[in-house]
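This report goes through one protein chain, from its overall make-up down to single residues. Please keep the sequence and the structure in view while reading.

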Amino acid sequence: DELPQDVTGAEELLQRLSEHKTEIDAHKNNFTAFQNKGKKLIAANHYAIDEIKDKMQFLDTKHKELLDLWYEKQEDYEEHLDSQKFKRDAEQAEAWITAQEGFLIDEDHGDSLDTVEELIKKQDEFEKMIMRQQERFNLLNRETKVEKLKRMKKEEEEKRQKEEQMRIELEIQRQKEQEERKRKLIEEEEERKHQEKLMQLEEERRIQEEERRIQEEEKKKQLQKELQARDTLGIEGTPTKVPPQKPPQLDLSVTTEKVPAPQISGLKQSLSTTSDLYNIPRTTHDTMNKEGTLQRKNELDE
């Protein structure tokens, strides 16, 4: 329906709406009684408990929708009434100004003293009348409900946008903090792995050094054993002379054949040569042992 375009019609529309609210409030007791009875039936485990719940929920929803619609209509009608009052005041002010234009555009300045005094008196009354109308003009500068509603919506929108902007900034800040924490964690993890690698390398180096030390000790022990063995050979290793073997005795009683006599001189010479191999001079033997020991020490030092 179209809204009335005058103050009286707008006030009557708002009055009818108020009567509707009175009627709604009059049925409030019946609505409350219905809800209480339904709750009792549900508590008593009525056989139609599901249907009762559905009816109660349906009625409660419709009652809330009715009240919401009434308050929405009340706000609209009050805004319309306020705008019609503003329109009426503006039209009255405009009519008053139009009515005063004749006096303001009058170019009669008077042609005598009495006429001039009369014009001055009218001017004073006109100024007083303007002062009395000042309150009406001030009302035209007031904020109407429509303007107030627009302003409030604008402020709410600005507030919402500001809150949204703050939320976005906080979210960006939170993401930056998370990224910074992740970066630090990654750096700490990389540093930990680096330290572990250094420790591992240090442990491998230590093990290698320990193995090298053990090998050197074994070599030194082996060298000491060899030196001891050579020293022992140098002191107690004088070769024993092998006594010359006697030539075999021939049994001449068995045969009558003549057997040529063995070459005793050749055998003696052979035995003498064999014995001379062991008769190496003592000084030569010691010199050989010392030279071998010095060469082995030089090899180990290198």
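How many helices and how many strands does the secondary structure of the protein chain come to? The count is 7 helices and 0 strands. Read along the sequence, this gives the pattern α-α-α-α-α-α-α. The model is predicted, and the confidence of the prediction is taken up further below.

**The chain as a whole**

The protein chain has 302 residues, and buried residues make up 11% of them. The chain exposes about 26000 Å², of which carbon and sulfur atoms supply 52%. Among contacts between residues at least 6 apart in sequence, 76% join residues at least 24 apart.

**Confidence**

The mean pLDDT of the protein chain is 76, and 75% of its residues reach 70 or more. Confidence is highest in helix 5 (residues 145-236), at a mean of 88, and lowest in helix 6 (residues 264-278), at 41. Over residues 237-244 the pLDDT is below 50, and this stretch has 9 contacts in the model beyond near neighbours in sequence. Residues 247-285 also stay under 50 in pLDDT. For residues 247-285 the model has 16 contacts beyond four places in sequence.

**Helix 1**

Helix 1 covers residues 7-26, which is 20 residues. At 1.5 Å a residue the helix should span 28 Å, and its end C-alpha atoms are 29 Å apart, so the two values agree. The expected span uses one less than the number of residues, because that is how it is defined.

Which residues of helix 1 are buried? They are V7, G9, A10, L13, L17, K21 and I24. An α-helix has 3.6 residues a turn, so residues three or four places apart point the same way. The cover over the buried residues of helix 1 includes helix 2 (28-43) and helix 3.

K21 has its place in helix 1. Is K21 buried or exposed? K21 counts as buried because its relative accessibility is 15%, and the cut-off for buried is under 20%. Not counting residues up to four places away in sequence, K21 touches W70 and Y71. The charged end of K21 sits over the ring of W70, 5.5 Å from its centre.

W70 and Y71 also belong together in another way. A search of the whole structure finds 1 aromatic pair. This pair is formed by W70 and Y71 and is edge-to-face, with 5.2 Å centre to centre and 85° between the planes. W70 is buried, with a relative accessible area of 10%, whereas Y71 counts as partly exposed at 44% relative accessibility.

**Two residues of helix 3**

Helix 3 covers residues 49-104, and D82 lies in it. D82 counts as buried, at 11% relative accessibility. Leaving aside its neighbours within four places in sequence, D82 is in contact with R142, T144 and K145.

A90 also has its place in helix 3. With a relative accessibility of 26%, A90 counts as partly exposed. A90 and L140 are 50 residues apart along the chain, and their C-alpha atoms are separated by 6.6 Å.

The table lists the accessibility of the residues discussed.

| Residue | Relative accessibility | Class |
|---|---|---|
| W70 | 10% | buried |
| D82 | 11% | buried |
| K21 | 15% | buried |
| A90 | 26% | partly exposed |
| Y71 | 44% | partly exposed |

Notes
Residues numbered from 1 in each chain as written. Predicted model: local features only at pLDDT ≥ 70, side-chain atom pairs only at ≥ 80, totals over all residues. Heavy atoms only, no water. Phe/Tyr/Trp six-rings, centres within 6.5 Å; stacked < 30°, edge-to-face > 60°. Buried < 20%, exposed > 50% of the residue type's maximum accessible area, 1.4 Å probe, protein only. Lys NZ or Arg CZ within 6 Å of the ring centre and 35° of its normal. Helix = DSSP H or I, 4+ residues; strand = E, 2+ residues; numbered from the N terminus. Contact = heavy atoms within 4.5 Å. Areas by Shrake-Rupley, 256 points an atom, 1.4 Å probe, with all protein chains shown as cover. pLDDT = per-residue confidence, 0-100.
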